[in-house]
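Here is a short briefing on one protein model. Look at the sequence and the structure first, then work through the points below.

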Amino acid sequence: GEGTLSEVYRGTQRSLERPVAVKVLKGSVAPTSPLGRRFEREGALLASLAHQNIPQIIDVGRTEDGRPFLVMELIEGPTLAELRAPRAVLAADVATIIALKVARALEYAHLRGIVHGDLKPGNVLVSRRGEVKLADFGLARDVSETSDDRLGVVGTPAYMSPEQVLGDRMDFRSDIFSFGIVLYEAL
């Protein structure tokens, strides 16, 4: 897969012979830039979150050319956006189960002081076994951070809270606003 800042590859963790996802900062983004630093911080944030509805981080490192990467558990299956694609809405019971699991992931992150910052259907992974994972903490922020490395208005406009659109400081309510849009679209 590919996003604005990164590329994601399927790999194999050789020591355990298991499939993993490897997320690498794009070569067009300097690792020392605010976006590059944000990418590296994603690994630290994910490492601090151990929850069944958040992908597990396995390792972090740098490529031979110095680009940071994250190794995470591989979730095989569609995103919520792909799951919805053939039809306009999901069955109410399916949408409710997915929403509950995303809400649990958000609650867990929020209790640890983390705001996701980019909640959208493309960041909700649904495995073939029915697991639901809230992924892509690339724009996440620890609410206790005192540094202000604002990147301007970043995120996916259709799912941004008003304060995010204005470039103001986000808090947990920003994620709840985005979650409401995702749930509305699913139903």
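Start with Glu17, which is exposed because its relative accessibility of 60% is over the 50% cut-off. Glu17 sits in the loop between strand 1 and strand 2. Keep in mind that this is a predicted model.

**Backbone turns with positive phi**

- Most residues other than glycine have a negative phi.
- Glu17 has a positive phi, near 50 degrees, and is not a glycine.
- Asp136 also has a positive phi, near 60 degrees, again in a residue other than glycine.
- Find Asp136 in the loop between strand 7 (132–134) and strand 8 (141–142).
- Asp136 is partly exposed, because its relative accessible area of 28% falls between the 20% and 50% cut-offs.
- Gly66 has a positive phi of about 90 degrees and lies in the turn of the hairpin formed by strand 3 and strand 4.

- Strands of a sheet pair through backbone hydrogen bonds, either parallel or antiparallel.
- Here, 4 strands form an open sheet, in the order 1-2-4-3.
- The pairing in this sheet is antiparallel.
- Strand 1 (6–13) and strand 3 (57–62) stand at the edges.
- Each edge strand has a single partner strand, so one side of each is left without a neighbour in the sheet.
- From one strand to the next, the twist averages 25 degrees.

**Strand 4 and its partners**

- Which strands pair with strand 4? Strand 2 does, and so does strand 3.
- Strand 2 (residues 18–25) and strand 4 (residues 68–73) are joined in the antiparallel sense over 5 bridges.
- Along this pairing, Val22 stands opposite Val71 of strand 4.
- Ala21 has Met72 of strand 4 as its bridge partner.
- Strand 3 and strand 4 are also antiparallel, with 5 bridges.
- On that side, Ile57 stands opposite Met72.
- Strand 3 and strand 4 form a hairpin, with 5 residues between them.
- Is strand 4 largely enclosed or largely open? Strand 4 is largely enclosed by the rest of the structure, because 5 of its 6 residues are buried.

**A helix across the sheet**

- Helix 1 (residues 34–47) lies across strand 1, strand 2, strand 3 and strand 4.
- Helix 1 runs at about 30 degrees to strand 4.

**A charged residue that is buried**

- Arg84 belongs to helix 2 (residues 80–84).
- Arg84 counts as buried, because its relative accessible area of 18% is under the 20% cut-off.
- What does Arg84 touch, leaving out residues up to four places away in sequence? Its contacts are Leu90, Pro121, Glu185 and Ala186.

**Empty space inside**

- Rolling a probe the size of a water molecule over the atoms shows where empty space is left.
- The model has 3 cavities of 30 Å³ or more.
- How big is the second largest cavity? Its volume is about 70 Å³.
- Residues lining the second largest cavity include Leu80, Ile98, Val124, Phe179 and Ala186.
- Helix 3 (92–111) and helix 5 (172–186) each supply at least two residues of the lining.
- By class, the lining of the second largest cavity has 10 nonpolar residues, with no polar and no charged ones.

Key. Residues are numbered from 1 along each chain as its sequence is written. This is a predicted model: local features need pLDDT of at least 70, side-chain atom pairs count only at pLDDT 80 or more; totals for chains, interfaces and linings use all residues. Side-chain values use heavy atoms; hydrogens and water are left out. On a 1 Å grid over the protein atoms alone, a cavity is a set of points where a 1.4 Å probe fits but cannot get out, and a pocket is an open set with protein on both sides within 12 Å along at least five of seven lines; lining residues have an atom within 4 Å of a point. Grid points are joined across faces, edges and corners, and a volume is the space filled by probe spheres set on the points. Ala, Val, Leu, Ile, Met, Phe, Trp, Tyr, Cys and Pro count as nonpolar, Asp, Glu, Lys and Arg as charged, and the others, Gly among them, as polar. Buried means under 20% relative accessible area, exposed over 50%, partly exposed in between (1.4 Å probe, protein chains only). Contact means heavy atoms within 4.5 Å. Two strands pair if DSSP finds at least two bridges between them. Axes are lines fitted to C-alpha atoms, for helices over the stretch in contact, and angles run from 0 to 180 degrees between N-to-C directions.
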